[in-house]
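Student: Could we go through this model together, starting with how its interior is put together?

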Amino acid sequence: MAESSSLQAVLTPPDAWGVGVPVPSGTFAELGDEELLVELETHERMKAWIEARGIAVVEELARRREREALAELDERDRDALSRTRTLVVVGVREAVVDEVALATGAGQRAAETRVRMAREWERFTPVREALAAGRMSWSRAVQVSTRTSEVDSGRMRRIVEKVLAPYIPGPGGDSGGLEVPQSVFSWRLGRAVAAVTTSRQRHEDAIARRDAWAVINPDADGTMTLTGTPDASPPHSPASTTSPAACAARATPAR
């Protein structure tokens, strides 16, 4: 996706949009019920397009950083091994994740997802196209990214087509995309992934997605979240009676 474009590089919304200004509900008082719902749908489509645009920005940033780093490596060692070059690229992408996180306020995982979608363009081209067309929300794009980690890149387009297909085809039905209910989208995605992966691949992917983290508030209340562990306590279990020090002590393995 390195081709040049005649599109505007700097996004400048028109003044009539009122960007940065609180929008009173009275702005929409003249719209009928159906028009209000259409406006909501329009917002979702535009947000998806904005996300696709953001991924393109990240792609250019990552490509530029990689090009600069490899040029510096060539100046130092023109005969650098391919492994060395790969390590340089990996290091650059980790740095770009940090840059994206700082620029957007996104968490580490969210920034990693953006960089992955930006640089693995062959795999994520169908997802990025769906975002740009307003047929897939960002949350669904992240869901696809997470669930398809074991899927070959060449199968991604077919999976995207399946999850975005009309829910009620034919006259009077929907057009698919954002109109597909979330429960149906998730069900379709699970079936599509299962159809092109082995049970072992899915098991290893589930193991890789296991995680646990804790958030301790200044007043000593906190929450511990566990994901993917069948014998763990329920997610978001309260820890309000445990101090940060006690949590740290309990989390430290006995010697």
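Student: Which residues does V127 touch, not counting residues up to four places away in sequence?

Tutor: V127 touches M117, M136, A141, V144, M156 and V160, where contact means heavy atoms within 4.5 Å. This is a predicted model, in which local features need pLDDT of at least 70 and side-chain atom pairs count only at pLDDT 80 or more, while totals for chains, interfaces and linings use all residues. Residues are numbered from 1 along each chain as its sequence is written, and side-chain values use heavy atoms, with hydrogens and water left out.

Student: And which residues touch the most other members of the largest nonpolar core?

Tutor: V127, M136 and F185 do, in a core of 35 residues. A nonpolar core is a set of buried Ala, Val, Leu, Ile, Met, Phe, Trp, Tyr and Cys residues joined through side-chain atoms within 4.5 Å, and buried means under 20% relative accessible area, with exposed over 50% and partly exposed in between (1.4 Å probe, protein chains only). The largest share, six residues, comes from helix 1; helices (H or I, at least four residues) are DSSP runs numbered from the N terminus.

Student: Switching to W138, why does W138 count as buried?

Tutor: Because its relative accessibility is 16%, W138 counts as buried.

Student: What is W138 in contact with, leaving aside its neighbours within four places in sequence?

Tutor: W138, which lies in helix 5, is in contact with E51, I55, T113, R114, M117 and L131.

Student: What covers the buried residues of helix 5?

Tutor: The cover includes helix 1, helix 3, helix 4, helix 6 and helix 7, and the buried residues in helix 5 are W138, R140, A141, Q143, V144 and S145.

Terms used:
Helix = DSSP H or I, 4+ residues; strand = E, 2+ residues; numbered from the N terminus.
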